[in-house]
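Here is a short report on a two-part model. Please look at the sequence and the fold first, then read on.

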Amino acid sequence: MTHASSHPPRLLKNWGDEAVVYDAASGDTHYLKPLTLALYQTCRDHPGYTAHEIAAALATRLGVQNVPHLHELTEETLASLRRFGLLESA
Amino acid sequence: MKLLQLPRAELRRQLAGAGVWLRTGPFSLKLQSRIPFVAEGLAQLYGQFEVRNVHEAFADFQVSVNPPASLRRWVRPQAAFSFDGMQPFEPLPRDQAFPMLERGLNWCVSTQAHQYLIIHAAAVEKNGLAAILPAPPGSGKSTLTAGLVLSGWRLLSDELTLIDLRTGLIQPLPRPIRLKNQSIDVIRLFSPDTYINRPSHDTIKGTVAHMRPPRESVLRQHETARPGWVVFPKWEAGIPATLTPRSKAQTFMFLAQNAFNYRHLGADGFRIGTTLIDQAACFDFHYGALDEAVATFDRLAERRKS
């Protein structure tokens with residue numbers, strides 16, 4: 001299960017389907033491309049979802065088919081968001 | 001009084017003695033130098049700037065450009081920049097004393113003035129709106145900046161764009177525009193009457209000369225401007241001027257990475273930077289001819305005015 005990390009505070013600013021996130025803990029700022037932003041928002045809206053559930057919700061959100069490739073992309077993107085400290089595994 | 005009102009001999013005398021107090025944008029500095037190239041550069045390029053008696057006014061930065069203490073000065077004359085007794089750079093050949101002063105002043109501002117988000121970018125203004133021009137070296141940024149300020153745009157800064165953390169407005173810091181290599185002749189050709197000082201050769205950037213900032217830009221150096229555009233210029237020979245919208249999020253990331261103190265400011269830097277991007281239209285701009293580039297910027301300004 002995965003949820004958007006809430007501690008320490010993060011500042012998110014989006015323009016259209018892209019965003020930037022400031023992480024107060026590390027002082028780093030990250031660029032979120034459209035897929036990454038959609039996934040981050042999905043995790044924030046549905047804390048506790050598994051990777052499979054996130055991929056399904058993401059497919060609905062983006063209006064695309066829930067195919068194996070989307071699962072792979074979801075896993076990769078979740079991993080990078082965890083690396084940045086923007087997501088936590090429950 | 002203005003620096004140009006000081007007779008040249010008096011300027012040299014004061015510089016070599018207690019120093020000269022000078023205002024540039026929101027900063028004041030006390031400058032001391034025994035090197036004639038520094039007095040020459042100031043007289044040629046800073047004539048419109050306010051000076052005061054050094055004993056009567058507080059200075060934000062106390063700087064000097066003088067021969068270093070080492071024995072090397074007897075072998076090959078050198079100049080060393082000093083700020084509050086620190087020497088942040090290695091000494092350079094003495095004929096580069098003036099470019100070294102300019103670099104040193106940029107260093108003082110970019111390492112000390114944390115009331116601003118300081119972006120490595122030029123900025124110009126028209127109709128109250130500022131165009132911020134961030135770009136890597138060699139992109140034609142300073143050439144474009146010079147061309148714009150010689151065509152009715154106001155110079156806010158050539159190197160350091162200062163975003164006030166309290167207001168989000170751009171604080172002018174109009175100083176001489178540094179031109180490098182071919183840009184020197186491009187601007188001489190573009191505007192033959194414009195004053196450009198004696199080039200310094202073999203600097204780390206090649207041949208460098210400075211263009212005198214327009215009088216009106218110096219007189220209005222306390223007049224802030226609102227962010228209007230962030231434009232990434234790129235000069236390429238023979239191509240037409242083309243503006244292409246670019247991603248705001250990616251523009252923010254570039255500005256953050258090219259700001260001198262973004263990390264130092266923490267969340268304040270993020271807030272002021274994102275507010276700036278909210279207000280600004282963001283473009284990539286490719287151009288091959290300076291007059292065409294100026295016409296494109298003029299159209300941008302007209303569109304925002306109407």
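How many helices and strands does the secondary structure of chain A come to? Chain A comes to 3 helices and 5 strands. Helices are DSSP runs of H or I of at least four residues, strands are runs of E of at least two, and both are numbered from the N terminus.

## Basis of the model

This is a predicted model, in which local features need pLDDT of at least 70, side-chain atom pairs count only at pLDDT 80 or more, and totals for chains, interfaces and linings use all residues. Residues are numbered from 1 along each chain as its sequence is written, while chains are lettered from A and ligands numbered from 1 in the order in which they are written.

## Chain A overall

From the N terminus, the order of elements in chain A is β-β-β-β-α-α-α-β. The C-alpha trace of chain A spans about 35 × 30 × 20 Å along its principal axes. Chain A has a radius of gyration of 12 Å, which agrees with the value near 12 Å for a compact globule of 90 residues. That radius is taken over C-alpha atoms, and the globule rule is 2.2 Å times the number of residues to the power 0.38.

Of the 90 residues in chain A, 28% are buried. A residue is buried if 20 or more other C-beta atoms lie within 10 Å of its own, exposed if 12 or fewer, and partly exposed in between, with C-beta atoms placed from the backbone. Take the contacts in chain A between residues at least 6 apart in sequence: 45% of them join residues at least 24 apart. Two residues are in contact if their C-beta atoms, placed from the backbone, lie within 7 Å.

## A helix pair in chain A

Helix 2 (residues 51–62) and helix 3 (residues 68–83) of chain A pack at about 115 degrees, with their axes 9 Å apart. Axes are lines fitted to C-alpha atoms, for helices over the stretch in contact, and angles run from 0 to 180 degrees between N-to-C directions. Helix 2 and helix 3 of chain A are therefore roughly perpendicular to each other. Angles under 35 degrees count as roughly parallel, over 145 as roughly antiparallel, 65 to 115 as roughly perpendicular and the rest as oblique.

The crossing of helix 2 and helix 3 of chain A is right-handed. A crossing is right-handed if the near helix is turned clockwise from the far one by less than a right angle, and left-handed if anticlockwise. Helix 2 of chain A brings A:Ala51, A:Ile54, A:Ala55, A:Leu58 and A:Ala59. They meet A:Leu70, A:His71, A:Thr74, A:Glu75 and A:Leu78 of helix 3 of chain A. By class, this contact of helix 2 with helix 3 of chain A has 7 nonpolar, 2 polar and 1 charged residues. Ala, Val, Leu, Ile, Met, Phe, Trp, Tyr, Cys and Pro count as nonpolar, Asp, Glu, Lys and Arg as charged, and the others, Gly among them, as polar.

## Where the chains touch

In chain A, 11 residues are in contact with 12 residues of chain B. Strand 2 (10–15), strand 3 (18–23) and strand 4 (29–32) of chain A each supply at least two residues of the side that touches chain B. Strand 3 of chain A gives the largest share, 4 residues. The side of chain A that touches chain B divides into 7 nonpolar, 2 polar and 2 charged residues.

## Chain B overall

Chain B holds 11 helices and 17 strands. The radius of gyration of chain B is 19 Å, close to the 19 Å that the globule rule gives for 306 residues, so chain B is as compact as a globular protein of that length. The C-alpha trace of chain B spans about 55 × 45 × 35 Å along its principal axes.

In chain B, 48% of the 306 residues count as buried. Among contacts in chain B between residues at least 6 apart in sequence, 72% join residues at least 24 apart.

## Local features of chain B

The axes of helix 8 (residues 248–257) and helix 10 (residues 267–279) of chain B come within 10 Å and cross at roughly 135 degrees. These two helices of chain B are therefore oblique to each other.

B:Asn127 sits in the loop between strand 7 (116–126) and strand 8 (129–134) of chain B. B:Asn127 is not a glycine, yet has a positive phi of about 55 degrees.
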